[in-house]
Amino acid sequence: MAPPVALLAEVTHRCPLRCVYCSNPLELVRSDGELSTENWARVFGEAAGLGVLEVGLSGGEPLARPDLEILIGAARDRGLYTNLITSGVGLSARRAETLASAGLHSVQLSIQAVDVEVANAVSGVRVTAAKETAAAAIRAAGLPLSMNVVLHRKNIDDLVAIVRRCAAWGAHRLELANTQYYGWALANRALLLPDTEQVQRAEQSLSSLRAEMNGRMEILWVISDYLEDYPKPCMGGWANKAFTVAPDGMAYPCPVAKDITTLTFPSVLASSLHDIWYTDPAFRAYRGQSWMKEPCSSCDRRELDFGGCRCQAFTLTGDAANADPVCQKSTHRRIIDAALSTTDQDRQTPQYRTKVAPPLEGLSTHRPLR
């Protein structure tokens, strides 16, 4: 078993946004349940000792942690590459400079849409101007700027405008991530799932957009797996290359593995990262191929997509060892087909389910969400 190369450190679930596609759990960790500064520093040290090269500082909104600079410094001191994954809300020029001085290596900034009304509806607040301010602050601090846009029914038709907006803001890398239906995204799936024609049009635009941005911005495309014949190779296989530590210290093979209630996951407060990665039963549960049932166990794609997503298999079929229902060979593919057949009429009124975030601290420009 090789060591992991990446750690996603979800340092908080506090967030100024209430995005309807958020993959965080429906039950969020409150601020009084978050790992302390000292515990996160210990986690980073153990991660470096385990072989991890990169730490993604995520949430929620990591800027809500007043000790974020200390956390970045702790990771830097252990030789880890740090990437801040942020909404940008509350990221002033001064804060960007202090983060860079603490040792931050790069920033990934999210935007919800180019259309302001769509952005407001999806994020639950008006933050477009704050995001543009954040992009300028990141560049002024000398930090590489990558951007992320979650694509869905309400914004995918504006793909060309989205790409050009990100380029205009100075992004060197853009991840176009079709919505993955977990957490709040699953709860709002009927309103977010695009038509097949919408995704096809977007894919057709990709080659010309990449040619237009050649040398200026790298464009990555995360597949819309509901519309594929085979599932995505989720996380490069279960607990194979990366893992997640949640705000309360629970460790997971991926950010949404908490949804698999048939597994008992470990805590960094009770076990070392070394023991978690190499010996914990939950981390070993779906490694390799011995766990696979048919059709996965004899499929010639089993080393390409690893049976697909275990979390999606559990959420949609009740058994994490089943083939990902996205796969055309799965006996549960009808679940995906039924979701795709949802009529346009059913999706017209945007009555999203939205999360209520834990009390927010550290972002004085926005009121707490309760």
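User: Which residues of α1 meet α2, and what makes that a contact?

Analyst: Thr37, Trp40, Ala41 and Phe44 in α1 meet Ile70, Leu71, Ala74 and Ala75 in α2. Contact here means heavy atoms within 4.5 Å. The helices themselves (H or I, at least four residues) are DSSP runs, as are the strands (E, at least two), and both are numbered from the N terminus. A word on the source: this is a predicted model, where local features need pLDDT of at least 70 and side-chain atom pairs count only at pLDDT 80 or more, while totals for chains, interfaces and linings use all residues. Residues are numbered from 1 along each chain as its sequence is written, and side-chain values use heavy atoms, with hydrogens and water left out.

User: Why is α1 called roughly parallel to α2?

Analyst: Look at the angle: α1 and α2 pack at about 25 degrees, with their axes 9 Å apart. That angle makes α1 roughly parallel to α2, because angles under 35 degrees get that name, over 145 is roughly antiparallel, 65 to 115 is roughly perpendicular, and the rest is oblique. The axes are lines fitted to C-alpha atoms, for helices over the stretch in contact, and angles run from 0 to 180 degrees between N-to-C directions.

User: And what is the handedness of the crossing where α1 passes α2?

Analyst: α1 passes α2 in a right-handed crossing. The rule: if the near helix is turned clockwise from the far one by less than a right angle, call it right-handed, and if anticlockwise, left-handed.

User: What makes you say α2 is largely enclosed by the rest of the structure?

Analyst: Seven of the ten residues of α2 (residues 68-77) are buried, so the helix is largely enclosed. Buried means under 20% relative accessible area, exposed means over 50%, and partly exposed is in between (1.4 Å probe, protein chains only). The buried ones are Leu68, Glu69, Leu71, Ile72, Gly73, Ala74 and Ala75. They pack against α1 (37-50), β2 (54-58), β3 (81-86) and α3 (93-102).

User: Why are the buried residues of α14 said to be on the same side?

Analyst: The buried residues of α14 (residues 333-340) are Arg333, Ile336 and Ala339. They cover an arc of only 120 degrees around the axis, which puts them on the same side of α14. The arc is that of the directions from the helix axis to the C-beta atoms. As a general point, an α-helix has 3.6 residues a turn, so residues three or four places apart point the same way. The partners of this buried side are α8 (189-192) and α13 (310-317).

User: How do you know whether Cys234 and Cys309 are bonded or too far for a bond?

Analyst: The sulfur of Cys234 is 3.8 Å from the closest cysteine sulfur, in Cys309, and that is too far for a bond, because a disulfide is a pair of cysteine sulfur atoms within 2.5 Å. Cys234 is buried at 17% relative accessible area, and Cys19 is buried at 9%.

User: What makes the peptide bond from Glu294 to Pro295 worth a look?

Analyst: That bond is cis, with omega near 10 degrees. Pro295 lies in the loop between α11 (281-284) and α12 (302-305). A cis peptide bond also joins Gly59 and Gly60, with omega about 10 degrees.
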